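Me: Please take a close look at one part of this model. I want the helix packing, step by step.

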Amino acid sequence: MSRWSLRVRLTVLYGGLFVFAGALLLGVTYFLVERSLDSRMGTSTGNLDFRPKTLENLGTIQVNGQTINIPQAIIDYRAQQEQFRKDTLDSLVTGGAIALAGVGVVAGAFGWLVAGRALQPLSRITETARRIASAPDRGLHERIALTGPKDEVKELADTFDTMIERLDRSFDGQRRFVANASHELRTPLALNRALVELAVARPDAVPQTRQLGESLLSVNERHERLIDGLLTLAESETAIVETVPVDLAEVARHVLDQAPPADRTVSADLCPAPTTGDPVLLERLAQNLVENAVRHNVAQDGWLSVHTTSVDGRARLVVENSGPVVPKYEIETLFQPFRRLRGERTRSEPAGERGFGLGLSIVRAVARAHGGEVTADPRSGGGLTVTVTLPGT
């Protein structure tokens, strides 16, 4: 019963209650008819004494030349009454049971229709919630907007709409705050970089000043990369309004040509993988995957491979690399903003080159904004295999 749908359970409940009420009515009818027959039979023979000795004294009578034994006639009459009573009650039970079964089937069919109509608003709520949950841009702008009488179901739908509206405002406010903060912070950082570069480039600058300036420029560059990552993450979580045809193979080739990892062995198998989306965000997705594969690698004899293809009409980008062993239960941590794996993945990195834990978070946000998904699987010998799947053209 627990595995049945709510509509089936309501249908069984309606049908069961109807059959129970019909059976109860049939039982009451049987009892009343039985009492009525007993009353009538008792009235029709109420003045007769059926004791054997009394019947023997009645003798015989002549009716139309026929001799009728009165005691035997009375016994036969009584037997006929009993048979009539039995046939009447049996007919009532049989006919009532057949009628109850037929009407029960009809009641079950009507119960199925009534349950479906009663659950239609709930189905609409479920479909809307499913679309919101599966939408790449979270779909929080959508509302149920259920019409009809103000009953419990409409109250539930209105409450759900209110909750979604508050979540929508909250997410919009968060994205606007991150975007505005990132834009506002870029200006002083750019000013700081210009001032430091000007101070370092002065002819009379002493070596200590130049060394301090280079350190400040490194820190400033790190902050700029952090702000750029935050801005990209905020933009990736919004809907992609304008899309153009993009080939992931071309994107991956461009990323590898722009910044080839000199200290890593790179293998590329770039087959056509057409999709649609924002070229800038898709390029950032591929760039983050390659940079992540280079950064989290082994110190010597490290390698990475980039593979693009089209599978079942969907574009696929796979980046695989060598590196330290990653426990499977910590995979989800890598996709959370500002979360990184244990210290051994970044212990050997210089402070200026250490990541912020935004790389794979941006990859997931961009993939979801394009209606795709990203998965990561640990390799048995160490490293990761990250797969991005996007809708094809």
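At roughly what angle do the axes of helix α6 and α7 cross?

Reply: This is a predicted model, where local features need pLDDT of at least 70, side-chain atom pairs count only at pLDDT 80 or more, and totals for chains, interfaces and linings use all residues. Residues are numbered from 1 along each chain as its sequence is written, and side-chain values use heavy atoms, without hydrogens and water.

The axes of helix α6 (residues 248–258) and α7 cross at roughly 55° and come within 9 Å. Axes here are lines fitted to C-alpha atoms, for helices over the stretch in contact, with angles from 0 to 180 degrees between N-to-C directions. Helices are DSSP runs (H or I, at least four residues), numbered from the N terminus. The α6 and α7 crossing is right-handed (the near helix is turned clockwise from the far one by less than a right angle). From α6, Val251, His254, Val255 and Leu256 make the contact. From α7 come Leu282, Glu283, Ala286, Gln287 and Val290. Contact means heavy atoms within 4.5 Å.

Now the other partner. Helix α7 (residues 279–295) and helix α9 (residues 359–369) have axes that come within 9 Å and cross at roughly 145°. On the α7 side, the contact includes Leu281, Leu285 and Leu289. Among their α9 counterparts are Leu360, Ile362, Val363 and Val366.

One side-chain detail remains. Arg364 lies over the face of Phe335, at 4.3 Å from the ring centre (CZ of Arg, or NZ of Lys, within 6 Å of the ring centre and within 35 degrees of the ring normal).

Conventions
Helix = DSSP H or I, 4+ residues; strand = E, 2+ residues; numbered from the N terminus.
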